[in-house]
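Colleague: Could you take me through this model? I would like to begin with its pocket.

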Amino acid sequence: MCTYPISLDENLVMQAEKVLQIDESFQTWLQQQVEKWLLSQVNEKKRFHSHSKLTDEMLAERLKDYPQLEESDFPSLAAEDYSTYLKSRSGQLPKGIEKWL
């Protein structure tokens with residue numbers, strides 16, 4: 001557990017205690033509320049980063065001005081030794097790929 005000091009308006013706390021009818025101490029209740037809120041924020045950020053909100057149609061619209069990638073843009077690894085290919089291409093991007101990044 002970590003401790004973070006915060007300052008709250010005393011009148012606001014007294015009003016909240018009356019209105020919310022908190023059974024436990026206000027400090028305990030507030031800590032639980034903050035933890036729930038932080039957890040929801042963390043989960044929302046994880047969900048946002050793991051799933052794109054773009055539909056296929058939206059993505060196609062964004063990419064329509066870029067050239068189409070062709071199979072010839074990607075060399076066949078079956079025709080050459082993989083280790084040789086890896087050494088020769090290490091750190092290099094395929095031609096034209098920077099437009100997609």
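Colleague: Which helix gives the most to the lining of the largest pocket?
Modeller: Helix 2 (residues 26–50) does, with 7 residues. Helices here are DSSP runs of H or I with at least four residues, numbered from the N terminus. A pocket is an open set of points on a 1 Å grid where a 1.4 Å probe fits, with protein on both sides within 12 Å along at least five of seven lines; lining residues have an atom within 4 Å of a point.

Colleague: Which residues lie nearest the centre of that pocket?
Modeller: Of the 14 lining residues, Cys-2, Thr-3, Tyr-4, Gln-31 and Val-34 do. The space in the pocket is about 590 Å³.

Colleague: How far may I rely on the details?
Modeller: The model is predicted, so local features need pLDDT of at least 70 and side-chain atom pairs pLDDT 80 or more, while totals for chains, interfaces and linings use all residues. Residues are numbered from 1 along each chain, and side-chain values use heavy atoms, without hydrogens or water.

Colleague: New topic: how many aromatic pairs are there in the whole structure?
Modeller: The search finds 1 (ring centres within 6.5 Å). The ring centres of Phe-26 and Trp-29 are 5.6 Å apart and their planes meet at 35°, so the pair is tilted, that is, neither stacked (under 30 degrees) nor edge-to-face (over 60).

Colleague: Where do the two sit in helix 2?
Modeller: Phe-26 and Trp-29 are 3 residues apart there, about one helical turn.

Colleague: Is Phe-26 buried or exposed?
Modeller: Phe-26 is buried, at 13% relative accessibility; the cut-off is under 20%, with a 1.4 Å probe.

Key. Points joined across faces, edges and corners; volume = space filled by probe spheres on them. Phe/Tyr/Trp six-rings, centres within 6.5 Å; stacked < 30°, edge-to-face > 60°. Buried < 20%, exposed > 50% of the residue type's maximum accessible area, 1.4 Å probe, protein only.
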